[in-house]
Amino acid sequence: MTTAQLRATPGRASTTPAGGRPARRRGGWVPTVGLLVGAVYCLLPVLWVVIAATKSSAQLFSSFTMAPGTGLLGNLRQLNAYRGGEFWHWMLNSAFYAGVGALLSAALSGVTGYALAKYRFAGRDSVFNILLAGVLMPPVVLAIPQYLLMAKAGLADSYWSVLLCSIVSPYGIYLARIYAAGAIPDEVVEASRVDGASEWRLFRSVVVPMMAPGLVTVFLFQFVAIWNNFLLPYIMLGDDTKFPVTVGLFTLLNQGASQPALYTLVITGALISVLPLIILFLSLQRYWRLDLLSGAVKS
Amino acid sequence: MTSATPAPGTTAGTSARRRPRLAPYAFITPAVLLFALLLALPIGYAGYLSFRKVHVQGLGLGPGSRTEVWAGLSNYASALGDPELLAGTLRVLLYGVILVPTMLGLALLFALLLDADRTRLRAFSRIAIFLPYAIPGVVASLLWGFLYLPTTSPGYYLLGKLGMSAPQLLSGHGIYVALANIAVWGGTGFNMIVIYTSLRSVPAELYEAARLDGASELQIALRVKIPMVLPSLVLTFFFSMIATLQVFSEPTTLAPMTNGISSTWSPLMKVYRDAFVRGDIYSASATSVVIAGVTLALSFGFLKAVGRRAYGEDK
């Protein structure tokens with residue numbers, strides 16, 4: 001459902017009595033205030049980090065927390081200089097893991113979800129159930145043997161170790177399957193076959209365009225999930241030049257416990273690390289097919 | 001989805017010739033291969049390791065003095081008998097009891113408020129409440145960690161000005177509230193959207209009918225809306241339960257800022273410590289297998305209990 005649809009759902013306004021003052025003018029403040037309280041709670045830590053990033057180390061622990069400081073440029077310079085610009089390395093790594101990983105994941109989910117939704121074949125239900133069981137595996141339980149096997153294959157502590165393990169997303173396959181089932185009419189598939197299209201060609205030129213909104217959602221979900229992932233890279237990687245920004249910030253925070261001067265770096269880094277995600281999130285808002293999540297896709 | 005029998009109008013012969021046999025297998029092959037290599041094989045390997053142990057000969061020096069041997073069930077016996085695992089499980093249960101009802105209660109409340117006819121500033125609140133979803137758990141814990149520290153928290157500052165003392169959230173039982181709050185903050189918006197979306201798909205005629213019968217907005221919310229979104233609530237409850245059992249990055253990130261979180265605070269943190277700090281991959285594997293088994297049993301039990309409807313099947 002797009003933002004526009006959410007804002008103006010037909011049928012709902014019809015409860016407003018015709019003529020006179022519309023009902024929505026009266027008493028709307030109770031739900032509005034309730035929601036605003038929630039919004040303030042959700043924005044407060046974000047506001048705090050914006051303010052805290054402007055403080056120098058000395059100001060961080062001495063001035064009132066919600067009063068801006070004067071150290072923003074100094075903090076940025078320090079962060080930029082930290083171990084020869086390592087922070088930017090982490091950001092680029094995150095962009096690489098999340099960008100490439102989500103792209104491959106959306107492609108894999110799309111082709112698998114479509115096959116599971118639109119073909120009847122022996123073993124279909126068992127394949128789906130086994131893939132779905134993958135959702136339930138606790139990440140740590142998986143990550144330890146994944147690490148050991150990667151180490152045996154000589155891939156531990158490489159970009160591959162994080163990337164490969166991010167591609168298979170049982171949840172993405174599940175979403176793609178729901179989407180394909182709802183968005184692709186059987187008649188269209190049948191018609192293409194009657195026209196003589198091969199199955200691969202049918203998928204490429206008919207199915208992919210029809211599934212595009214669902215695939216964008218899977219891509220966004222995976223992008224956020226991989227960018228925010230901590231455990232997998234934390235276990236797989238030892239070399240800090242390959243760290244994504246989550247693991248990098250955690251190691252900084254850990255050192256900060258003994259060197260409080262690093263706290264300003266952690267805070268400034270945290271602010272910068274969430275900016276790309278917030279921008280991506282706000283600008284692509286209308287592409288999130290959130291109705292997928294409640295299993296309520298209508299074609 | 002229609003059944004496999006030919007639709008009226010097409011001849012059975014064409015349909016049978018046209019029905020692809022190999023294509024679906026070709027389409028699922030990459031996923032099945034990757035799944036087998038990256039998920040099934042590691043799980044099997046963890047199972048294998050859980051039955052192994054290192055046998056040390058002599059002083060354990062020199063080549064060949066350390067060999068891997070069959071351990072039987074001894075890793076399982078020590079994992080299940082470990083008081084730390086039980087303590088960690090109880091901690092996570094208490095954390096989940098605080099977290100899940102609070103998060104889903106708020107998510108449902110906000111979804112109903114968004115859906116109420118007279119609400120204003122809808123788009124703004126919806127985005128603001130959903131926003132924390134985009135923030136990594138590590139960064140969220142870090143931000144809240146500073147907000148819990150008396151020296152950097154505006155809350156402590158304001159209460160101090162008023163001459164009151166605030167409860168310490170980073171010690172004692174405050175830790176449960178501190179951790180649950182981080183997860184509530186991060187997860188409420190996501191669950192709110194799931195519930196809200198399913199509220200929007202309720203036909204408006206249902207509300208018209210209820211209003212004609214003289215129901216108040218509150219009664220409509222309680223008797224019409226909540227029952228209609230029950231499947232979404234079940235789904236969000238299920239995913240929240242699974243996520244709770246797997247809590248790892250929040251307590252791990254908060255740990256450097258407090259003495260209240262040990263390295264074995266949650267069962268998964270204990271698995272991590274056993275495997276990577278103590279280097280005992282065998283007992284870590286046994287503990288992992290136990291946790292995976294309990295998770296799977298709970299999940300399948302839950303799904304059986306609520307039926308297939310819960311996860312939106314297309315049949």
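A helix here is a DSSP run of H or I at least four residues long, and a strand is a run of E at least two long.

**Figure 1. Chain A, seen as a whole, is built from helices.** Welcome to this predicted model. By that definition, chain A has 14 helices and zero strands. Chain A has 299 residues, and 53% of them count as buried. Its accessible surface comes to about 12,200 Å², with 66% belonging to carbon and sulfur atoms. Take the contacts between residues at least 6 apart in sequence: 72% of these join residues at least 24 apart.

**Figure 2. Chain B and chain A meet at an interface.** Here 107 residues of chain B are in contact with 119 residues of chain A. How is the size of an interface often given? It is often given as the accessible area lost when the parts come together. For chain B and chain A, about 10,400 Å² is buried between them, and 76% of that is on carbon and sulfur atoms. How many salt bridges does the rule find across this interface? The count for chain B and chain A is zero.

Figure 3. Is Thr112(A) buried or exposed? Thr112(A) is buried, because its relative accessible area is 0%. Setting aside neighbours within four places in sequence, Thr112(A) is in contact with Leu131(A) and Ile173(A), and also with Phe27(B), Ile28(B) and Ala31(B).

**Figure 4. Leu215(A) sits in helix 11 of chain A.** That helix takes in residues 199-228. With a relative accessible area of 17%, Leu215(A) counts as buried, because the cut-off is under 20%. Not counting residues up to four places away in sequence, Leu215(A) touches Ala106(A) and Gly110(A).

**Figure 5. Aromatic rings from chain A and chain B join in a cluster.** Over all chains, the structure holds 44 aromatic pairs. Ring pairs link one cluster that includes Tyr171(A), Tyr174(A), Phe221(A) and Phe281(A). From chain B, the cluster has Phe130(B), Tyr133(B), Phe190(B), Phe237(B), Phe238(B), Phe239(B) and Phe302(B).

**Figure 6. Two charged side chains lie over aromatic rings.** In chain A, look for Arg177(A) over the face of Phe128(A), at 4.1 Å from the ring centre. In chain B, the charged end of Lys225(B) sits over the ring of Tyr207(B), 5.0 Å from its centre.

**Figure 7. Two loop residues have a positive phi.** Most residues other than glycine have a negative phi. Asp157(A), which is not a glycine, has a positive phi of about 60 degrees. Where does Asp157(A) lie? It is in the loop between helix 7 (139-152) and helix 8 (159-167) of chain A. Asp157(A) counts as partly exposed because its relative accessibility is 28%. In chain B, Leu121(B) has a positive phi near 55 degrees. Leu121(B) is found in the loop between helix 4 (83-115) and helix 5 (122-130) of chain B. With a relative accessible area of 47%, Leu121(B) is partly exposed.

Technical notes:
Residues numbered from 1 in each chain as written. Chains lettered and ligands numbered in written order. Predicted model: local features only at pLDDT ≥ 70, side-chain atom pairs only at ≥ 80, totals over all residues. Heavy atoms only, no water. Buried < 20%, exposed > 50% of the residue type's maximum accessible area, 1.4 Å probe, protein only. Contact = heavy atoms within 4.5 Å. Areas by Shrake-Rupley, 256 points an atom, 1.4 Å probe, with all protein chains shown as cover. Phe/Tyr/Trp six-rings, centres within 6.5 Å; stacked < 30°, edge-to-face > 60°. Lys NZ or Arg CZ within 6 Å of the ring centre and 35° of its normal. Buried area = accessible area lost by both parts, 1.4 Å probe. Salt bridge = Lys/Arg side-chain N within 4 Å of Asp/Glu carboxyl O.
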